[in-house]
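Here is a short briefing to read alongside the model. Have the sequence and the 3D view open as you go.

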Amino acid sequence: MNRTKQPSKFKRFLRNNAALLLLIFCVLAITAVVLSVTLTRNTPVIPDDTVVNKPNDDQGGNKPDDDTPNPPSKEKVKIYFTAPLKYTGKSMDYTSGADNPFEYNRTLEVWAAHKAVDLLASEGTDVVAMYEGTVIDVGSTFNEGNYVVIDHGDNVIATYGSLQNVQVQKNQKVSQGEVIGEVSISASAEYLDGAHLHLQVKKNNVVVDPTPYINGTVYREVER
């Protein structure tokens, strides 16, 4: 009896259904991949370190109001002009052009307008700045003698004339009450009146009566 070797049923099944089996394998592989991705997404991720966000003071965190320093309060105080020296009287007063249009100048022997006040004092008496300011000129003329011009701010400029021993320089800052010179007879146009301070004041570039400044009735309000 001639027996021909026949392939097993399993091998025949594989050979006849190879395409179907390949399709089934592919479907199973795709299903496995989908399940793996889905399970990975649903798994909670636990961080290694817990991060705690603290409020940033610079970004408006809950900072108590008491921690904010209050600016120091300032108050306005009145600073008065003071007399430029201890004087004993006046030789020639300020002429306003109304009640007293002229003053008699004994040295020149003339009646003339006098846009200043001459304050008598012993020669060598200290002359001080009536208010703080900046020296804008130092010089000498026949009429005013040795003089110092101080810008006292707020468009007030004072000329201190008939001085000796001038102790300040141009562009120098001076404080109220600082000595700028001494009384003398250096004003040649008024030397017969003796030692005195020839004081002239301008406000907004217009000559005004120095008396209110000498008497200390003019003041400034400043914050301190």
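Which residues touch the most other members in the largest nonpolar core? They are Met130, Ile150, Tyr160, Ile180 and Leu197, in a core of 28 residues. A nonpolar core here is a set of buried Ala, Val, Leu, Ile, Met, Phe, Trp, Tyr and Cys residues joined through side-chain atoms within 4.5 Å. Please keep in mind that this is a predicted model, in which local features need pLDDT of at least 70 and side-chain atom pairs count only at pLDDT 80 or more, while totals for chains, interfaces and linings use all residues. Residues are numbered from 1 along each chain as its sequence is written, and side-chain values use heavy atoms, with hydrogens and water left out.

**The chain overall**

- The chain has three helices and 14 strands; helices (H or I, at least four residues) and strands (E, at least two) are DSSP runs, numbered from the N terminus.
- Of its 224 residues, 28% count as buried, where buried means under 20% relative accessible area, exposed over 50%, and partly exposed in between (1.4 Å probe, protein chains only).
- The accessible surface of the chain is about 15600 Å², and 53% of that belongs to carbon and sulfur atoms; the areas come from the Shrake-Rupley method with a 1.4 Å probe, and for residues only the protein chains shown count as cover.
- Among contacts in the chain with a separation of 6 or more, 63% are between residues 24 or more positions apart, a contact being heavy atoms within 4.5 Å.

- In soluble globular proteins, nonpolar side chains tend to be buried together.
- At least two residues of the core discussed above, the one with 28 members, come from each of β5, β8 (145-151), β9, β11 (179-183), β12 and α3.
- Strand β9 gives the most to this core, with four residues.
- Leaving aside neighbours within four places in sequence, the contacts of Ile150 include Val135, Ile157, Tyr160, Val174 and Ile180.

**Strand β12 and its partners**

- Strand β12 (residues 196-203) is largely enclosed by the rest of the structure, because six of its eight residues are buried.
- β12 runs antiparallel to strand β5 (residues 117-120), joined by four bridges; two strands pair if DSSP finds at least two bridges between them.
- Three antiparallel bridges link β12 to strand β13 (residues 206-208), where Val206 is the bridge partner of Lys203.
- β12 and β13 make a hairpin with two residues between them, and Asn204 in the turn has a positive phi of about 55 degrees.

**Aromatic pairs**

- The whole structure holds four aromatic pairs; rings of Phe, Tyr and Trp (its six-membered ring) pair if their centres lie within 6.5 Å, with planes under 30 degrees apart counted as stacked, over 60 as edge-to-face and the rest as tilted.
- One of them is the stacked pair of Phe81 and Tyr131, at 4.6 Å centre to centre with 20 degrees between the planes.
- Phe81 lies in the loop between β1 (76-80) and β2 (89-90) and Tyr131 in the loop between β6 (126-128) and β7 (133-141), so this pair ties together parts 50 residues apart in sequence.
- Phe81 also pairs edge-to-face with Tyr213, at 5.0 Å centre to centre and 80 degrees between the planes.
- Tyr213 lies in helix α3 (residues 211-214), so its pair with Phe81 ties together parts 132 residues apart in sequence.
- Phe81, Tyr131 and Tyr213 form one aromatic cluster.
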